[in-house]
Amino acid sequence: MILEAKRLGYQVAVIDPAGDCPASSICDHLIVAPLDDPKAYPELAKYSDVITYESEHIDTAGLAALEQEGYNVYPSVKALTTIQNKFLQKTALQKGNIPVPEFSKVTTTDDIREMGKPENFGYPLMLKATRGGYDGKGNAFIKTEADIERAYNELGGGKVELMVEAFLDFEKEISFIVCRGINGERAVYPIAENTHANSVLDTTAVPAKINKSIEEKATNIADAVMSIFDGVGTFCVEMFVGKDGEVYVNEVAPRPHNSGHYTIEACFSDQFENHIRAIVGLPFGSTKLMSPVVMVNLLGQSDGVTNLVGLNEAYENPNVRVHLYGKSESRIARKMGHYTVIADTVDKAMEQAQALKSIVRVEGE
């Protein structure tokens, strides 16, 4: 986002807990502070005409105070407050007639057992912390009643708010990157097809292999979701394509998203540029797909100082581009970067992308 903002002539101030954060080398002002530090937000506002964020796990009270003082905060604090709590998010979607897996708030293990009964959700179940979860963190799979105690304790039951969802037997996961401007204008990117490994996004392939009926359902749902949250900026709508042919919303993220990184190489205006355009009131750039593409996440393979391996070999393919995020410390399973491959077809791009998995990687020295 910073690189796109600076290309358009804007200056950027950032709050980050780490002095050597990836933004530190390119932002104009860095405020080193925890993301829930109430003193940091007024400091940020001193430099800012427009305030945005790239994580939903932040202090809404601090942002709300700035919004009340007249600062422009996009997406809105109202949208963020609803979305960052998975139970409130699902409730808002359900009220808006958006198809979602069945869900219920739970407090005790007995509550979970009740929802596991055949007349309710039945097994298996997904237990989720309503706040703070990402990349599989904050989720626990309950296959049978015997898993309840383990899952409950694993997520901090009794200390954090929990909810349970009926497990959806889905065919594939897809996602929509949608941008909405201050005036309500919208820009929609092509539908992406996502594959996960250990609950972390592994690959994103575009165009998604879905039929016209699924495409139309997903498009209508994404449009309705944007109306429900009335947000400004880039949003990601993650969906499940059920084996019953229906489309269900899994989660909504009020920010540029990992599954939208493919837009950097494959679309004329990527999700980050259009996010900046949205929050400053500029018209959107084209979201048309210029080439089939596959993105693969680079996760840390070991702990230590970040070391990228295999770049020279990867770049023997002229249609590969590697992104390293500038995180100084590699940790096992931490998102350290990604690479994209473009090709004539998505199958060719996938074949080349998979071949690189054993070649390009991030290790700790």
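How many bridges join strand β9 to strand β10, and in which sense do the two strands run? Three bridges join them, and they run antiparallel. Welcome to this structure, which is a predicted model.

**Strand β9 and its partners**

- Strand β9 covers residues 170–180 and is mostly covered, with nine of its 11 residues buried.
- Strand β10 spans residues 186–188, and its Val188 is the bridge partner of Val178.
- Together, β9 and β10 make a hairpin with five residues between them. Look in the turn for Gly184, whose phi is positive at about 95°.
- Strand β13 (residues 233–242) is joined to β9 by 10 bridges, and these two strands run antiparallel.

**Helix α10**

- Helix α10 runs over residues 271–280, and nine of its 10 residues are buried.
- Those buried residues are Gln271, Phe272, Glu273, Asn274, His275, Ile276, Arg277, Ala278 and Ile279.
- At the start of α10, Asp270 brings a side-chain oxygen to within 2.8 Å of the backbone nitrogen of Phe272.
- Just after α10 comes Gly281, with a positive phi of about 85°.

**The second largest pocket**

- The second largest pocket has a volume of about 200 Å³.
- Its lining is made of 13 residues. Nearest the centre of the pocket are Asp202, Asn297, Leu298, Leu299 and Gln301.
- Which strand gives the most to this lining? That is β15, with four residues.
- Strands β12 (200–206) and β15 (293–299) each supply at least two residues of the lining.
- Sorted by class, the lining of this pocket holds eight nonpolar, two polar and three charged residues.

Definitions and conventions. Residues numbered from 1 in each chain as written. Predicted model: local features only at pLDDT ≥ 70, side-chain atom pairs only at ≥ 80, totals over all residues. Heavy atoms only, no water. Buried < 20%, exposed > 50% of the residue type's maximum accessible area, 1.4 Å probe, protein only. Pairing = 2+ DSSP bridges. 1 Å grid on protein atoms, 1.4 Å probe; cavity = no way out; pocket = protein on both sides within 12 Å on 5 of 7 lines; lining within 4 Å. Points joined across faces, edges and corners; volume = space filled by probe spheres on them. Nonpolar A, V, L, I, M, F, W, Y, C, P; charged D, E, K, R; others polar. Polar contact = N/O pair within 3.5 Å; in protein donor to acceptor, adjacent residues only side chain to side chain.
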